[in-house]
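Here is a short report on one protein model. It starts with a single residue and then moves on to a sheet.

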Amino acid sequence: MTEPALGRIQIFDDWAVACDNRLSCSAVSLVPEGSGTAYTVLVSIQRHGGPAGEGVLRLIGADQLRGKIDMMADSRLLARVTAARDVIELTGAQALTIVRALGSSYAFELREKKALIDAPSLRGLPAALRYMDEQQGRVGSQGALAALGDGPVDLAKPLPPDPVVAVDAVPVPDGTPPALTPEEQAAARRLAVCEGRLDNAHPFETHVLDAQHALVLLPCNAGAYNISAVPLVATGGTGQWQFKVARFDHVPGFTGDPGTPPVIVNARWNPERGELSSFAKGRGLGDCGTAETYKWDGTGFRLTEARSMPVCRGAWEWPVLYSAAQG
């Protein structure tokens with residue numbers, strides 16, 4: 001398998017930004033260091049790659065975000081918008097206009113009538129927006145977010161070819177899970193190097209992958225908010241299961257030293273889509289860590305999306321580092 005090329009998270013004061021393999025960039029607001037107070041509204045700015053790349057501005061409520069909301073920058077009204085299901089989403093020209101205004105302002109407030117809802121920090125946003133412009137090739141253009149100039153509005157790097165995950169296996173319904181004998185369980189533990197780490201309170205999890213293969217998730221470690229499992233692929237059928245360590249084109253984020261089995265954290269298997277996901281939280285709040293989604297292709301697991309947040313500063317939505325189409 002070819003190793004996917006992931007983007008990197010960059011931190012600019014109170015903003016985290018990343019661009020993925022498709023030149024789509026996203027930035028999210030961070031709680032200022034030492035503030036000790038979490039945001040009630042997270043700000044997310046996304047700009048798709050390519051000459052026609054659209055901008056998207058989202059305000060995401062942690063609890064309740066309802067009704068008419070005033071977006072204020074340096075005490076002037078930028079827009080009055082309506083929240084639906086705890087989210088405000090603006091696109092197109094309106095989103096770009098507001099993002100550019102925020103990038104040249106000192107203070108940002110969200111108000112309901114005269115009541116302050118939240119005031120996300122703008123420290124670092126100009127640098128984050130310029131980074132997005134640089135990565136997408138928009139510097140000096142009329143279409144830039146921060147590095148505006150007289151260049152054509154559609155000046156941008158061409159989009160790279162979409163990576164496609166070719167799938168040979170046909171997903172099957174997740175009916176009765178495959179059963180393992182005590183001897184098979186012992187063999188699986190030896191292969192996963194998990195002998196005696198967890199007791200029977202954390203049983204094996206098994207799923208049918210396709211007509212020839214089964215997935216075995218063998219719990220190895222459990223903490224307050226993370227349960228780690230080694231993924232194995234089994235063949236042979238009931239009473240004759242043989243195991244191999246699952247193959248990944250990109251190992252999940254909390255895997256140990258090179259040469260050790262891959263580790264899936266808080267694993268979820270989606271039988272309808274044939275997808276295995278890992279969500280490793282750096283702390284219970286879930287505002288840092290790594291998250292990956294993989295597609296079973298008949299021989300191994302291929303990365304379809306990766307997200308990450310290296311700092312624990314209140315961002316519960318993380319930038320995308322990699323995404324792939326499925327064929």
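Contact means that heavy atoms lie within 4.5 Å. This is a predicted model.

**One residue and its surroundings**

Ala214 is found in strand β13, which covers residues 214–222. Which residues does Ala214 touch, leaving aside those up to four places away in sequence? The list is Pro178, His207, Val208, Leu209, Leu232, Val233, Ala234 and Trp241. Is Ala214 buried or exposed? Buried means under 20% relative accessible area. Ala214 counts as buried because its relative accessibility is 3%. Sequence distance and spatial distance can also be set side by side. Ala214 and Thr299 are 85 residues apart in sequence. From C-alpha to C-alpha, Ala214 and Thr299 are 11 Å apart in space.

**An open sheet**

Now to the sheet. Six strands form an open sheet, with antiparallel pairing. Their order is β1-β2-β3-β4-β5-β8. The edge strands, β1 and β8, each pair on one side only. On average, neighbouring strands of this sheet are turned by 15° against each other, direction ignored.

Here are the residue ranges of the strands.

| Strand | Residues |
|---|---|
| β1 | residues 10–12 |
| β2 | residues 15–19 |
| β3 | residues 25–29 |
| β4 | residues 41–47 |
| β5 | residues 55–61 |
| β8 | residues 87–91 |

How many bridges link β5 and β8? Five bridges do, and the two strands pair in the antiparallel sense. Leu57 stands opposite Leu90 in β8.

Helix α2, residues 125–136, lies across β1, β2, β3 and β4. Helix α2 runs at about 5° to β2.

Terms used. Residues numbered from 1 in each chain as written. Predicted model: local features only at pLDDT ≥ 70, side-chain atom pairs only at ≥ 80, totals over all residues. Heavy atoms only, no water. Pairing = 2+ DSSP bridges. Helix = DSSP H or I, 4+ residues; strand = E, 2+ residues; numbered from the N terminus. Axes fitted to C-alpha atoms, helices over the stretch in contact; angles between N-to-C directions. Buried < 20%, exposed > 50% of the residue type's maximum accessible area, 1.4 Å probe, protein only.
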